[in-house]
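Hello,

Here is the structure I promised to pass on. Please open it next to this message; my notes follow below.

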Amino acid sequence: MFGCTFDDQDDEERALESCKQSFMFEPRHSDFVFPSLPLGIDSKSFVSQHFGKDAKNMQFRKGTTTLAFVYEPATENDKGGIIIAVDSRASSGEYISSKSVMKILDIGDRMVATMAGGAADCQFWTRTVAKYCTLYELREKSQITVSAASKYFANVLYGYRGKGLSVGSMVAGYDKRGPQIFKVDSDGDRCQLRVCSVGSGSLNAYGILDNHYKPKMTDDEARKLGLRAIMHATFRDSGSGGVCNLCHITPTEKIRLPPFDVSKLYYEFAEELGKDIVYTPRDD
Amino acid sequence: MACSFTGIAKNGPNPYSEMFAFKAAMKAAEAEPVWRTSRIIERQRWNPYSFEGGSTCAIAGENFAILASDTRLTQNDINILTRDGEKMHILNDSIVLATTGFYGDVLQLKKVLQSRLHKYRFDYRSDMSVDLCAELLSRNLYYRRFFPYYTGAVLAGIDEHGKGAVFSYDPIGCIERIAYSASGNAEPMIIPFLDCQIGHVTLSDEAEKPPLTLERATSLMKDAFRSAAEREITTGDKIHLIIAEAGKPIVQKFLPLRED
């Protein structure tokens with residue numbers, strides 16, 4: 001009876017061992033290579049010639065304002081965490097090819113990446129990172145850190161450096177080290193920040209963020225700040241617009257808020273400030 | 001040895017300097033000859049693409065998807081190659097691909113998708129759903145990131161829940177699921193019209209907003225193409241209309257359009 005159970009355990013252990021050997025290897029690089037142009041023609045200049053600024057018919061979708069910041073709860077009722085706010089415009093040249101793009105892409109349960117620069121580049125490589133993270137979790141039986149995920153992302157992008165990719169992404173999430181944001185771009189740059197903004201409207205967003213950001217805020221204040229920064233960026237930057245998508249990552253969950261129309265937000269904020277938008281000439 | 005070499009250079013003029021200068025000048029002349037204008041240089045650059053014009057459009061409804069395209073193919077926007085070139089391809093009972101741009105790439109893209117769908121059918125013994133096909137198309141477009149397909153694709157069909165689905169793409173596979181989409185030369189004319197009529201973004205709150213039925217979508221589509229054909233030179237000849245309704249076979253129609 002006892003011997004039998006021991007044998008069973010041995011069998012199980014042996015099975016587990018063989019399982020580990022056959023399945024738990026480090027991920028290998030796939031053999032896939034992107035088909036390239038005939039020898040001697042540089043893909044970067046070729047692509048920019050046919051699909052770049054001066055291209056007549058076909059242009060890639062791009063243009064953005066994205067921002068993210070970390071804050072601590074001001075009172076006990078607040079959750080704190082990370083606010084990620086983005087606009088939703090994709091333009092190809094001067095034409096707005098979409099005004100409802102979702103620029104907050106999921107990487108895991110507790111992690112997102114934002115999308116700035118070439119839309120297709122971001123979508124594709126974020127998927128690659130998401131796949132890596134899922135495989136990591138299955139292999140290591142623990143959640144991947146934001147730092148590790150963003151490093152993988154940066155390494156992948158560095159591998160394609162100089163080939164004309166255009167990615168400006170923020171990898172934001174909550175892990176065992178707390179809330180973290182990493183800015184990653186297509187030059188292979190990666191840095192950790194508390195307050196961060198990327199894209200054509202980032203300067204305007206920084207203006208608002210730097211003015212009103214406090215390390216300790218209530219949830220409502222923080223969400224409002226995200227909205228306000230995006231609204232002002234879309235107001236002054238023609239490359240940004242549409243609606244404002246907001247994502248709040250708290251220590252326990254990821255909350256996606258419904259989209260806010262930025263042109264309506266303008267009036268709301270003006271009213272809050274007591275600013276009169278309608279010009280009424282003085283009756284002398 | 002090195003010492004004697006620098007000695008020569010220092011003492012007198014380098015005997016090779018004239019030769020080097022000549023070589024450099026020759027190279028420069030070869031790369032950018034002064035007698036070639038920038039227009040000729042541009043023309044002699046390798047250009048594998050052409051653009052055959054035309055436009056396509058797709059609208060998704062509650063239980064239907066409707067696609068339309070014109071059937072004109074043009075060369076250099078002016079010369080009409082054919083009046084019945086089909087830009088839309090029915091991939092299976094619930095997926096339709098509509099593509100504008102370089103017609104060679106349009107056909108290649110169709111062939112790639114058709115063979116992948118065939119393989120899927122062989123492996124899984126069922127037809128691929130439109131959501132899967134949309135992701136597949138996105139990835140296939142991106143795989144050619146460094147030598148892109150010169151196409152603007154729109155994929156439409158009926159999804160697993162019986163709802164209409166439209167996916168729009170850029171040339172390298174930026175994907176988005178939306179209610180209506182267009183691509184091609186008349187895109188900037190068709191989309192604002194649909195924004196007004198289907199998206200209701202330009203209407204005031206009091207204005208009447210009729211629901212989108214199949215009849216309404218069909219007539220909007222015809223209107224869109226007729227007005228595009230009035231003002232856009234590469235769009236015309238015939239409307240190719242494809243209607244996919246949940247639980248019904250796909251219907252194809254051809255309607256006449258301006259031929260000038």
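**Aromatic pairs**

Counting ring pairs over all chains gives 31 aromatic pairs. Please keep in mind that this is a predicted model.

Start with Phe46(A) and Trp46(B). Their ring centres lie 5.8 Å apart and their planes meet at 35°. Stacked needs under 30 degrees and edge-to-face over 60, so this pair is tilted. The pair crosses between chains. Phe46(A) belongs to helix α2 of chain A, residues 43–51. Trp46(B) sits in the loop between α3 (38–44) and β1 of chain B.

Are the two residues buried or exposed? Phe46(A) is buried, with a relative accessible area of 2%. Trp46(B) is partly exposed, at 36%.

Phe46(A) has another partner, Phe147(B). Here the centres are 5.7 Å apart and the planes stand at 80°, so the pair is edge-to-face. This pair joins two chains as well, because Phe46(A) lies in helix α2 of chain A and Phe147(B) in the loop between α5 (130–143) and β7 (151–158) of chain B. Phe46(A) and Phe147(B) are both buried.

These rings belong to a cluster linked by ring pairs. From chain A come Phe46(A), Phe51(A) and Phe60(A). From chain B come Trp46(B), Tyr49(B), Phe51(B), Phe102(B), Phe147(B) and Tyr150(B).

**Charges over rings**

Two lysines to look at. Lys163(A) lies over the face of Phe146(B), 5.4 Å from the ring centre. Lys238(B) has its charged end over the ring of Phe254(B), at 5.5 Å from the centre.

**The sheet in chain B**

Chain B has an open sheet of five strands. The order is β10-β1-β2-β11-β12, and the pairing is antiparallel. Which strands form the edges? They are β10 (180–184) and β12 (251–256) of chain B, each of which pairs on one side only. From one strand to the next, the twist averages 15°.

Strand β1(B), residues 55–60, pairs with β10(B) over five bridges, in the antiparallel sense. Within that pairing, Ser55(B) stands opposite Gly184(B) of β10(B).

Helix α6 of chain B (residues 187–197) packs on the sheet. Helix α6(B) touches β1 and β10 of chain B, and its direction makes about 165° with that of β10(B). Helix α7 of chain B (residues 214–231) packs on the sheet too. Its contacts are β1, β2 (64–70), β11 (238–245) and β12 of chain B. The direction of α7(B) makes about 15° with that of β2(B).

**An enclosed strand in chain A**

Why is strand β7 of chain A (residues 168–175) described as largely enclosed by the rest of the structure? Because eight of its eight residues are buried. Gly168(A), Met170(A), Ala172(A) and Tyr174(A) point one way. Ser169(A), Val171(A), Gly173(A) and Asp175(A) point the other way. Both sets are buried.

β7(A) pairs with strand β6 of chain A (residues 111–114) through three bridges, running antiparallel. Ala113(A) stands opposite Val171(A) there. β7(A) also pairs with strand β8 of chain A (residues 178–185), over eight antiparallel bridges. In this pairing Gly168(A) faces Asp185(A). A hairpin of two residues connects β7(A) to β8(A).

Best wishes

Key:
Residues are numbered from 1 along each chain as its sequence is written. Chains are lettered from A and ligands numbered from 1 in the order in which they are written. This is a predicted model: local features need pLDDT of at least 70, side-chain atom pairs count only at pLDDT 80 or more; totals for chains, interfaces and linings use all residues. Side-chain values use heavy atoms; hydrogens and water are left out. Two strands pair if DSSP finds at least two bridges between them. Helices (H or I, at least four residues) and strands (E, at least two) are DSSP runs, numbered from the N terminus. Axes are lines fitted to C-alpha atoms, for helices over the stretch in contact, and angles run from 0 to 180 degrees between N-to-C directions. Contact means heavy atoms within 4.5 Å. Buried means under 20% relative accessible area, exposed over 50%, partly exposed in between (1.4 Å probe, protein chains only). Rings of Phe, Tyr and Trp (its six-membered ring) pair if their centres lie within 6.5 Å; planes under 30 degrees apart count as stacked, over 60 as edge-to-face and the rest as tilted. A charge sits over a ring if NZ of Lys or CZ of Arg is within 6 Å of the ring centre and within 35 degrees of the ring normal.
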